[in-house]
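Work through the exercises below with the sequence and the model open beside you. Each task is followed by a solution that goes step by step.

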Amino acid sequence: MTNSFRTLDGVDVKGKRVLVRVDLNVPMDGGKVTDATRLERIAPTITEISDKGGKVILLAHFGRPKGRDDKNSLKPVAAALADVIKKPVAFADDCVGDVAAKAVGAMKDGDVLCLENTRFHSAEEKNDPAFVAELAKLGDIWVNDAFSAAHRAHASTEGLGHKLPAYAGRTMQAELDALGNALDAPTKPVIAIVGGAKVSSKIDLLENLVTKVDALVIGGGMANTFLHAQGVKVGKSLCEKDLATTALRIIDKAEASGCAIILPVDAIVAFHFAANTPSHAYGLDAIPDEGMILDVGPQSIERINSAIDDAATLVWNGPVGAFEMTPFDRGTVAGAKHAAARTKAKKLISVAGGGDTVAALNHAGVADDFSYISTAGGAFLEWMEGKPLPGVEVLKK
């Protein structure tokens with residue numbers, strides 16, 4: 001996949017000012033970083049450029065500030081990053097202008113500098129050419145290592161690629177390789193598991209997947225919409241009844257494309273939306289009028305696991321039940337553990353992404369056993385929808 005993109009293999013960074021767009025949107029509490037996963041992911045790119053004598057100048061946003069806002073300063077994140085990469089990380093109080101220029105001018109080869117939140121300037125999200133030019137003055141080359149922001153055509157995520165020689169960082173490269181191996185040039189057969197609450201948020205995703213995969217498992221609340229469209233009574237379950245015709249269209253498109261749609265054949269039903277509330281397994285012909293489907297049933301779990309057994313590649317986005325509440329996490333956990341075991345046995349390439357999905361795999365204790373887990377939310381979804389990502393397109397050879 002990355003054969004078609006410019007990577008760090010194709011550039012000598014020694015003595016160069018390297019503007020590196022990274023994702024520093026990490027969870028914070030009381031001014032402290034509570035989860036350094038994203039910092040650990042970007043560490044290889046930063047240390048490689050630094051060790052090769054490049055001047056590493058980090059660009060990133062944090063939160064959604066409207067103008068300068070100290071609550072969204074990157075200063076504490078820069079300090080946490082220094083702990084992760086075991087190198088000092090200098091900090092500049094702005095990302096453009098005299099403050100930034102002086103900080104960059106003071107750098108020696110191998111130094112690492114973090115510039116302040118790019119979104120303190122409204123011109124960042126507008127991809128304003130004048131702002132892009134101001135950023136470009138600070139660097140000789142631009143490296144994009146933030147796949148999670150690649151679906152945004154902002155100044156630091158896309159605009160700089162038109163002003164400076166542009167390359168994919170190692171994290172971006174790993175993401176593009178993993179995603180390319182999952183859908184663009186996969187080992188077949190390919191199965192996708194798509195869950196979550198609503199069909200409405202994943203119509204484009206489902207429409208694209210049925211043309212790319214051999215089998216599509218649909219779970220979570222969105223499965224209820226498909227079941228309703230086929231005449232199944234789903235009681236008081238979450239269900240977008242107005243999208244029945246959309247669901248039927250997706251089923252027809254799947255059939256035309258040779259993609260098998262796998263829906264639940266039984267369900268775990270409760271009468272209250274709460275953890276550990278009494279629940280029972282029901283066949284689809286017997287869902288009580290007052291009941292809510294909160295997870296797939298035991299026969300459905302067997303069916304999902306059999307589909308995983310038949311696959312060489314798995315792409316997963318979204319839980320198949322209300323996994324945040326016991327015991328309605330069973331279906332998701334069972335599928336996740338089965339996929340992880342197949343992956344460890346070298347029988348499956350497994351790629352997962354999306355916030356709920358990562359949380360579900362962590363909950364199941366198998367996140368480290370998947371081939372690749374994308375921490376990019378919106379960008380991962382748009383890639384699965386088959387949409388071009390501006391921050392990736394600009395890196396093409």
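**Exercise 1.** Find how much space lies in the second largest pocket, and say which residues and elements line it.

*Solution.* The second largest pocket holds about 360 Å³ of space; here a pocket is an open set of points on a 1 Å grid over the protein atoms alone, where a 1.4 Å probe fits, with protein on both sides within 12 Å along at least five of seven lines, and lining residues have an atom within 4 Å of a point. The volume itself is the space filled by probe spheres set on the points, which are joined across faces, edges and corners. Next, look at the lining: it consists of 22 residues, of which Gly220, Gly221, Leu238, Gly321 and Ala322 are the closest to the centre. Helix H8 (220-229) and strand E14 (292-296) each give at least two residues to this lining, where helices (H or I, at least four residues) and strands (E, at least two) are DSSP runs numbered from the N terminus.

The model is a predicted one, in which local features need pLDDT of at least 70 and side-chain atom pairs count only at pLDDT 80 or more, while totals for chains, interfaces and linings use all residues. Residues are numbered from 1 along each chain as its sequence is written, and side-chain values use heavy atoms, with hydrogens and water left out.

**Exercise 2.** Which strands are joined to E4 by bridges, and how do they run?

*Solution.* Two strands count as paired if DSSP finds at least two bridges between them. Strand E1 (residues 17-21) runs parallel to E4 and is joined to it by 5 bridges, with Arg21 opposite Leu59. Strand E6 (residues 112-115) is also parallel to E4, through 3 bridges, and here Val56 stands opposite Val112.
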